[in-house]
Amino acid sequence: GLLDSSIRAMTHKRAAVLGDSYRLFYQNPVHLVRGRGQYVWDAQGHQYLDVYNNVASIGHCHPEVIAAVTKQMQLINTHTRYLHEGILDYTDSILATVPNAINRAMYMCTGSEANDLAIRVARAWSGGTGIIVTKEAYHGTSELTSGASPALGSGQALSSTTFLVPSPDQYRIGSATLGDWFANEVQQAIDNMAAQGIKLAGFLADSIFSSDGVMPGNPGFLNKTIDIVHANGGIFIADEVQPGFGRTGEAFWGFARHDLVPDIVTMGKPMGNGIPVSGLLAKSDVLAAFSDQIPYFNTFGGNPVSMAAAQAVLNVIREEQLQAHSLRVGEALRTELLTLKDKYECVGDVRGAGLFIGFELVTDKQSTTPDKALALRVIEALREERVLTSVAGPYGNVLKLRPPLAFQKQDIDWLVGALDRSLCRCAG
Ligand code: PMP
């Protein structure tokens, strides 16, 4: 048909003019032209359910963000070398969401930049260089962060100062012992580091372990690990790029599901609902070791338009009570997904917090062997059902269900119905 040829032409054009590192979703790629709330539409007018996008976290094209950005864009967009109240007002708002000990903010444009700066700050403060991350972590695109991102695969060399710990796989290790087990792994990594003459700078982790395969663990399971990191002179950098901004329902931040205070909190993706903005919050004494020595200017970081978007996002999360909504709808969704686990031998585990859910496909419940091929077929089948999502984890066998927080009851029915049909068709 006409559209098929236009999809084909665009796909070929991409391959001809864009860098080869880009990856498209789906064998039958989707050409999106419009979005609203939890729905997106393709060029042919088909409506899709978005079960993956945590950038448009408060809903695609939220009118309050559009209004705030438009208003500021019409006044001025400038940078942090001039006074502007937008950055100060937003900083008051965002610091009110974290423990009091965290009392400084810096702004940039991407999660990668936030983590990159966090690593530099950790090193300046600790005098060490060693960074601990999980075995499948992803933390960004820069030299420092990609060198601490084993998820990029064997083509990307890890930095010699990056030390890996296994993923906190609650499904296979068991929730009850997960905290002690993980703390012990982190202690071993610190010991390995010391044996190589490398001093610990910090532990950098996404507290929902998204790229490891969505592993929220029980609230509190990270406490002992962070105590060990601190006792060994390191800091904890909470990478909130994925779990932050009410996503987990149980808390506004992923780390806040646990009883601990990070030294640095980095954030991005949902922060501006699509307007590029990221941030780093830190304890002032931790930041000082870096800030006293090295100036930091990020041309677009903290600009008034991005700050207006970020402020609107916080306002909407509060006004629409999206954190409580995420908790409620996420629980209802997991309940429905558990009925699929009972129905299908290939559904090994359903886990999550709020609207951040891992749905793990295995060859059989007994062996828990990851079934990557099945997961790929199911993702493609869901796309034909006009449900957009993707996979996570080293074996790509965990469906990552992470819709905009605007997700509603009728969307649960669409998703679970489509998933049921897709599993029926693809399994066995
Ligand atoms: N940290 C985590 C946990 C992420 O998921 C990502 C993006 N996938 C990043 C950092 C990097 O963010 P960005 O792509 O905005 O640089």
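The structure is a predicted model, in which local features need pLDDT of at least 70 and side-chain atom pairs count only at pLDDT 80 or more, while totals for chains, interfaces and linings use all residues. Residues are numbered from 1 along each chain as its sequence is written. For the complex, the predictor gives an ipTM of 0.99 and a pTM of 0.97.

The protein chain is divided into domain 1 (1-26), domain 2 (31-58 + 321-426) and domain 3 (63-319), with bounds that come from an automatic or database domain assignment. The centres of domain 1 and domain 2, taken over C-alpha atoms, lie 25 Å apart. Between these two domains, five residues of domain 1 are in contact with six residues of domain 2; contact here means that the C-beta atoms, placed from the backbone, lie within 7 Å. The side of domain 1 that touches domain 2 has five nonpolar, no polar and no charged residues. In this scheme Ala, Val, Leu, Ile, Met, Phe, Trp, Tyr, Cys and Pro count as nonpolar, Asp, Glu, Lys and Arg as charged, and the others, Gly among them, as polar.

The largest nonpolar core has 118 residues, and Ile264 and Ala309 have the most contacts inside it. Such a core is a set of buried Ala, Val, Leu, Ile, Met, Phe, Trp, Tyr and Cys residues joined through C-beta atoms within 7 Å. A residue is buried if 20 or more other C-beta atoms lie within 10 Å of its own, exposed if 12 or fewer, and partly exposed in between, with C-beta atoms placed from the backbone. Helix α10 (residues 304-319) supplies the largest share of this core, nine residues; helices (H or I, at least four residues) and strands (E, at least two) are DSSP runs, numbered from the N terminus. The core also draws at least three residues from each of domain 2 and domain 3. Leaving out residues up to four places away in sequence, Ala309 touches Val65, Ala68, Val69, Gly272, Asn273, Ile275 and Val277.

Turning to the ligand, 14 residues surround it, the closest being Thr110, Gly111, Ser112, Asp206 and Val241; a residue is near if its C-beta atom, placed from the backbone, lies within 6 Å. Helix α4 (residues 111-126) gives the most to this shell, with three residues. By class, the shell has two nonpolar, ten polar and two charged residues.

Two loop residues deserve a look at the backbone. Most residues other than glycine have a negative phi. Val214, however, has a positive phi of about 60 degrees; Val214 lies in the loop between β7 (200-205) and α8 (223-231), and is buried, with 27 other C-beta atoms within 10 Å. Thr368 also has a positive phi, near 55 degrees, and sits in the loop between β12 (356-361) and α12 (372-384). Thr368 counts as partly exposed because it has 14 C-beta neighbours inside 10 Å.

Finally, Val165 belongs to strand β6 (residues 162-165) and counts as buried, with 22 C-beta neighbours inside 10 Å.
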